[in-house]
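User: I am new to this structure and would like to learn how to read its features one by one. Could you take me through them, giving the general idea before each case?

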Amino acid sequence: MNVVRSFPLILLATALTACAGKPARSDAPAASTVVPAHAAIEAPAADSGTVDTAPATASPQATVAPAPAVPPVQGTDAGASKTAAAAPGGDDDFDALYGGTGNTGSAAAYDPWEPFNRKVHKFNNAVDRGVARPLATAYTHVVPRFARTGVSNFFSNLRAPVTITNQVLQGRGADAWDSLGRFLMNSTLGIGGLFDPASKAMVPRRNEDFGQTLGAWGWRRSRYVELPFFGPRTVRDVFGLAGDIPLSPIRRIEEDKIRIGLQGLQLVDTRAQLLAIDDLRDTAVDEYALVRDAWMQRRNYQIENDLRSKRERGHDDANSPIPVDAMPMPQWTH
């Protein structure tokens with residue numbers, strides 16, 4: 001995911017959020033959320049999905065209203081906007097980001113546990129700045145780019161069982177077949193997944209988890225929660241972790257040294273892919289709100305993208321929340 005190139009779109013999304021009159025909080029500075037183009041949301045105008053919250057009358061933030069169509073932001077090229085809106089494939093989320101029929105992309109994140117989440121976020125930031133970021137920085141300085149690419153390919157290939165299972169659960173047999181072919185091709189011709197011949201063969205890459213499956217089954221909107229070490233999630237995605245843990249190939253390794261070593265390498269590799277956004281986070285007025293809003297918009301887009309037909313579906317991005325198999329936790333399945 002080219003995060004740096006996508007940052008201007010996030011700033012535009014924030015401006016549209018303000019225009020929609022739906023701030024995330026009334027007592028905190030507006031989040032200067034930067035959302036990649038594929039992190040936008042395109043949802044039906046009337047979302048009847050399950051909400052794991054109290055009735056809307058108990059909290060004004062509990063209701064998500066579709067944002068109206070918004071004209072191009074002043075200072076942008078209207079002609080370029082129309083061209084991008086009509087572009088197929090990965091650009092088909094343009095309307096969702098800039099406003100369109102049934103768009104919920106600028107709805108405020110439902111965060112009733114914000115005081116608790118901010119404390120956890122502060123703890124996670126301390127761990128990140130003291131341990132994860134220095135390790136990731138050293139990793140990028142010491143390990144050559146081609147080797148880092150091979151590591152990323154390897155762990156991406158290991159996620160195939162999780163993706164395939166969830167695609168089957170979502171009723172997407174054709175996508176599951178593609179993912180199985182991709183896994184077999186990269187595991188053999190790609191030497192255990194270190195190389196990615198499947199991408200050269202135009203086999204699409206998909207990343208699915210049980211949290212997305214629950215969303216596809218109807219649990220569309222869920223309150224935001226930040227977990228220690230795992231970072232941003234929703235209540236729905238916390239339940240999703242329990243569904244993904246048994247499918248992790250790494251967690252099947254009984255030798256603790258090998259398993260924890262692979263989990264540590266995967267965690268460092270995941271953090272290294274996010275180094276590009278560190279400057280933005282460090283200079284944000286409200287870094288917590290930026291992370292929350294950007295993550296929620298991207299997550300909602302992933303779920304809505306799953307509900308589209310295969311022809312209309314946009315591209316998946318490579319980055320995802322910290323994978324459950326990257327955390328050295330007890331073997332819950334034993």
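**Reading the strands, helices and cores**

Analyst: Buried means under 20% relative accessible area, exposed over 50%, and partly exposed in between, with a 1.4 Å probe and protein chains only. In a regular strand the side chains alternate between the two faces of the sheet. This is a predicted model, in which local features need pLDDT of at least 70 and side-chain atom pairs count only at pLDDT 80 or more, while totals for chains, interfaces and linings use all residues. Residues are numbered from 1 along each chain as its sequence is written, and side-chain values use heavy atoms, with hydrogens and water left out.

User: Which strand is joined to β1, and how many bridges join them?

Analyst: Two strands pair if DSSP finds at least two bridges between them. Here four bridges join β1 to strand β2 (residues 231–234), and the two run antiparallel, with Glu226 standing opposite Pro232 in β2. The hairpin of β1 and β2 has three residues between the strands, and in it Phe229 takes a positive phi near 75°.

User: How many helices and strands are there in the protein chain?

Analyst: Helices (H or I, at least four residues) and strands (E, at least two) are DSSP runs, numbered from the N terminus. The protein chain has 13 helices and two strands, and 48% of its 334 residues count as buried.

User: What span should helix α7 (residues 173–188) have, and which of its residues are buried?

Analyst: The expected span of a helix is 1.5 Å times one less than its number of residues. The 16 residues of α7 should therefore span 22 Å, and its end C-alpha atoms are 23 Å apart, which agrees. Buried in α7 are Asp175, Ala176, Ser179, Arg182 and Asn186. They lie on the same side of α7 because they cover an arc of only 120° around the axis, the arc being that of the directions from the helix axis to the C-beta atoms. On the other side of α7, Trp177 and Thr188 are exposed. Contact means heavy atoms within 4.5 Å, and the buried residues of α7 pack against α5, α6 (160–169) and α8 (197–200).

User: Which residues make up the largest nonpolar core?

Analyst: A nonpolar core is a set of buried Ala, Val, Leu, Ile, Met, Phe, Trp, Tyr and Cys residues joined through side-chain atoms within 4.5 Å. The largest one has eight residues, namely Ala136, Tyr139, Val151, Phe155, Leu158, Ile250, Val268 and Ala272. The elements giving two or more residues to this core are α4 (114–142), α5 (145–158) and α11 (256–272), and α5 gives the most, with three residues. A second, separate core of five residues includes Ala109, Tyr224, Tyr288 and Met296.

User: Which elements do the buried residues of α11 pack against?

Analyst: The buried residues of α11, among them Arg259, Gln263, Val268 and Ala272, pack against α4, α5 and α12 (278–283).

User: Is Arg281 buried or exposed, and what is it in contact with?

Analyst: Arg281, whose place is in helix α12, counts as buried because its relative accessibility is 14%. Leaving aside its neighbours within four places in sequence, Arg281 is in contact with Asn125, Asp128, Arg129, Arg271, Glu287, Leu290 and Val291. Of these, Val291 is 10 residues from Arg281 in sequence and 7.8 Å from it in space, C-alpha to C-alpha.
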